[in-house]
Amino acid sequence: MKQIGVIENWATQPAERRAPAPRDPANNCVDLEPDAASSMNGFPERSVGEMFAAPNKAAGLLILLTLACLAGGLPRNSSAAERSILNVSYDPTRELYQDYNVAFVNYWKGKADQLITIKQSHGGSGKQARAVIDGLEADVVTFALAYDIDVLATRARLLPANWQTRLPNNSSPYTSTIVLLVRKGNPKGIKDWDDLARPGVSVITPNPKTSGGARWNYLAAYGYELKRSNGDEAKARAFLKAIFKNVPVLDTGARGATTTFVQRGIGDVLIAWENEALSSVAEDGKGKFEIIIPSISILAEPPVAVVDKFAKRHGTEAIAKAYLEHLYSEEGQEIAARNHYRPRLESVAQKHAAEFPQLKLFTIDELFGGWQKAQTTHFDDGGTFDEIYQGSR
Amino acid sequence: MAGTIQSNLKARRTASRRGTEEPAFVKWTLITIGLAFALLFLLVPLVNVFYQALEKGVRFYLAALTEPDSWSAIRLTLIIAAISVPLNVVFGLAAAWAIAKFEFRGKAILITLIDLPFAVSPVVSGLVFVLLFGMQGYFGQWLDDHNIKIIFAVPGMVMATIFVTFPFVARELIPVMQATGSEQEQAALTLGASGWQTFWHVTLPSVKWGLLYGVILCNARAMGEFGAVSVVSGKIAGQTQTMPLRVEELYNSSKLSGGTAAFAVASLLALLALFTLGVKTWVEWKTRRNYELAQRAEANFQSQI
C-alpha cells in the first residue's frame with residue numbers, strides 16, 4: 001500500500017484513502033506485461049472521468065441541446081413556409097422600421113396570404129454598406145445617402161448601377177434635413193450655422209468617414225458658407241475648419257452622437273437629422289432641448305434599394321420589392337411622418353405640416369454635383385475633410 | 001493567473017507572521033484607500049446596473065429579458081459559449097501539455113502565439129476573419145459560390161470568440177503542469193499504464209482545478225466579448241446579436257424604456273461576472289485545501305517509515 005500512497009500524493013489526491021475501485025474491464029490494457037498488469041490492479045482508479053462524471057454528462061447534454069437549438073435556429077434559406085427578409089439600415093431608423101415592419105407584415109399577409117418575418121440591422125451608414133459588401137446578405141438596404149448604395153453597385157456588383165431610377169423620387173420615399181439641437185434656453189445663443197464656428201461653442205457631430213448623417217451635416221454647413229460667400233470654396237473650407245475645431249468627439253454614427261449629446265450631456269449644440277432632433281425632443285427632452293432651424297439647410301434624401309443578388313439567392317425578390325414600394329403608400333408615408341421623417345405624399349405632408357417648418361433647402365446635385373463627386377472631393381482619403389480635420393486639430 | 005493562486009497560497013501561509021513593521025495608521029490608510037477605490041470603481045457601477053435594471057419593476061425586467069430579440073441574444077450567447085469553450089479546453093490542454101512536458105524547437109514561438117489574442121485588439125481579431133472569409137476576402141468567392149456563410153453568421157462569431165478566448169485555458173494549465181513535473185507520469189508509465197491511461201488517470205486529475213479555473217475565465221470572456229464579435233456579427237436583431245451587442249442596441253434605442261431594457265440584459269452579464277467570481281473563489285479554496293491535505297498526507301507517510 002505504500003506505493004499507492006505515494007502515487008496518491010503525487011497526484012495531489014485528497015488524502016482520505018478509498019479502497020481501490022474494482023477494475024473496470026474496459027480499462028484493461030491489452031499490451032501490458034503480466035507483472036505490470038498486476039501492479040495496475042492496485043493502481044488507484046479514481047480518474048477525472050469519475051470525478052467529473054455527473055457534470056460531464058450534464059455538460060454533454062447541454063452541448064447537445066444547444067447544438068440542437070442552433071440547428072433549429074439557423075435561417076433556412078428557401079423554405080416556402082416562412083420567408084424572412086433582412087433590412088440593413090443606418091443608425092436612426094430603428095424605430096421607423098420597427099413600426100413599419102409590423103405594418104408591412106400585416107399588409108403582406110392580406111395581400112399574398114404569406115406570413116413573413118423582417119430582420120433589421122442598424123449602424124453607421126458607411127459601416128453598414130461595408131458589411132453588405134463583405135457579405136452581410138441584405139435583401140433590402142435603406143441607407144442615409146445614395147453613395148453608400150452606389151458602392152454596393154460599383155464595388156461588389158450586388159445591384160445594377162441604375163438602381164436609383166427604379167423607384168420614384170430618386171428612390172427616397174421620405175426626406176429629412178439637417179437642423180441644430182441646443183440645450184434648454186439656448187444658453188450659447190445659437191441661431192444659424194455661423195454660430196457653430198464661434199470659439200467656445202462645443203459642437204457634436206459624428207464622423208463623416210463612417211456616418212452618412214455626418215456627411216449630410218458637413219455638406220449642409222459647407223453649402224451654407226458657399227451660398228453666403230457666392231461660391232468661394234476657400235472660405236467654405238476655412239468655415240468648416242473653424243467648426244471642426246469645436247468638435248470634442250466624433251462618434252461613428254448619428255445615433256451615437258445623439259446619445260453623447262442627450263444622455264451624456266456633452267456639447268452645446270448637436271448637428272442632427274431633423275428626425276433625430278424631433279424624436280429627442282419628443283422622447284427624452286421634457287423641455288430639456290430646443291430645435292434651432294437654420295436659415296438654410298440641405299435636402300437629405302435617404303435612399304432605399306433591393307439588393308438583387310441576395311434577394312435572388314433567397315428567393316425574396318417579390319417581397320423585397322413590395323416592402324420598398326409600400327413605403328410610398330399612404331400607410332408607409334404616415335408611419336414615416338410619425339417617426340419624424342418628411343413624407344413625400346402631399347396628403348400626408350399636409351396633415352403633419354405643423355411639425356415640419358418650411359425652410360430654404362438646397363440639394364446635393366445643385367451645390368456639389370451629386371454624391372459620387374461630393375464623396376471623392378470631400379470624404380475619400382486625402383479629401384477636403386481630411387485636410388480640414390487635420391488642420392483643425 | 002495561476003500566479004495569483006500561488007501568491008494567495010503563500011499569503012495565507014505567512015498570514016500569522018507580522019508582515020510589516022509600519023505603524024498602524026499606515027496600514028489603515030492603505031486599507032481605506034484600497035477599499036474606497038474598490039467601492040467607487042467596482043461596487044458602485046455593479047450595484048447601479050441592478051438598480052437601473054429594476055428601475056421599472058420586476059415585471060418590466062422580466063418582460064425586457066423575454067422580449068424575442070433579447071431572448072434570442074441570450075440563447076445565441078449560450079450557444080456560442082457552449083461551442084467555443086469545449087473546443088478551447090481541448091486546444092488548451094493539448095498546447096499546455098506540449099509546452100509543459102516536452103522540449104522542442106519553436107516552443108517559445110508557440111508560447112508567444114498563445115498570448116497573441118491578449119495582445120491584439122479585439123477589433124483586429126474580428127477584422128482578420130472578415131478579411132479571410134468576407135465576400136471580398138481570400139476565401140470569400142469560394143464560400144459564396146458554395147453558399148457557405150461564415151461571416152455575419154454564427155460560425156464567424158464562434159471563430160472570433162475562440163480566437164479571443166484561446167489563451168485562457170492554456171495559460172492556466174501551463175504553470176500548473178510545469179509545477180507538477182513529469183515524475184508522476186513517468187512512474188505511471190513504468191508501472192505499465194498506456195499514454196492515454198496516464199493522461200486520464202494521472203495528468204488530468206492533477207491539473208483539474210487549474211483547468212476548471214481556466215474554463216470559468218474562458219467562459220466569462222466568451223459570453224462577454226464585444227469587440228471582435230461585433231465586427232463579424234452584422235448585428236441582425238434576433239439572429240446574430242449576442243448579449244453584449246443587444247445591450248448596445250437597446251441603449252442606442254431612442255425609446256425611453258431602452259435604457260432600462262439595456263440594463264436588464266446587462267444585469268445578466270453582471271450576474272455571470274458574480275457567478276464567475278464565486279466559482280473562482282471556490283476553486284482557489286479547493287486548491288489550497290488540496291495542497292494542505294497533500295502536505296499532511298506526506299507528513300503522515302514520512303512518519304510511517
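What follows is a short chat about a predicted model.

Colleague: Which residues touch the most other members of the largest nonpolar core?

Modeller: Val132(A), Val140(A), Val141(A), Val307(A), Leu173(B), Val232(B) and Val265(B) do, in a core of 156 residues.

Colleague: And which helix gives the largest share of this core?

Modeller: Helix α8 of chain B, residues 154-180, with 16 residues. From chain A, domain 2 (83-172 + 303-328) and domain 3 (175-300 + 344-392) each supply at least three residues.

Colleague: Back to Leu173(B). What is Leu173(B) in contact with, leaving aside neighbours within four places in sequence?

Modeller: Gly92(B), Leu93(B) and Ala96(B), and also Val207(B), Gly210(B), Leu211(B) and Gly214(B).

Colleague: Where is the kink in α10(B) centred?

Modeller: On Lys208(B), and the kink is about 60°.

Colleague: How many residues of α10(B) are buried?

Modeller: 21 of the 30, so by that count α10(B) is mostly covered.

Colleague: Changing topic to chain A. Do strands β1 and β2 run parallel or antiparallel, and how many bridges join them?

Modeller: Parallel, with 8 bridges joining β1(A), residues 83-90, to β2(A).

Colleague: Which residue in β2(A) does Asn87(A) stand opposite?

Modeller: Gln120(A).

How values were computed
Residues are numbered from 1 along each chain as its sequence is written. Chains are lettered from A and ligands numbered from 1 in the order in which they are written. This is a predicted model: local features need pLDDT of at least 70, side-chain atom pairs count only at pLDDT 80 or more; totals for chains, interfaces and linings use all residues. A nonpolar core is a set of buried Ala, Val, Leu, Ile, Met, Phe, Trp, Tyr and Cys residues joined through C-beta atoms within 7 Å. A residue is buried if 20 or more other C-beta atoms lie within 10 Å of its own, exposed if 12 or fewer, and partly exposed in between; C-beta atoms are placed from the backbone. Helices (H or I, at least four residues) and strands (E, at least two) are DSSP runs, numbered from the N terminus. Domain bounds come from an automatic or database domain assignment. Two residues are in contact if their C-beta atoms, placed from the backbone, lie within 7 Å. The bend at a residue is the angle between axes fitted to the seven residues ending there and the seven starting there. Two strands pair if DSSP finds at least two bridges between them.
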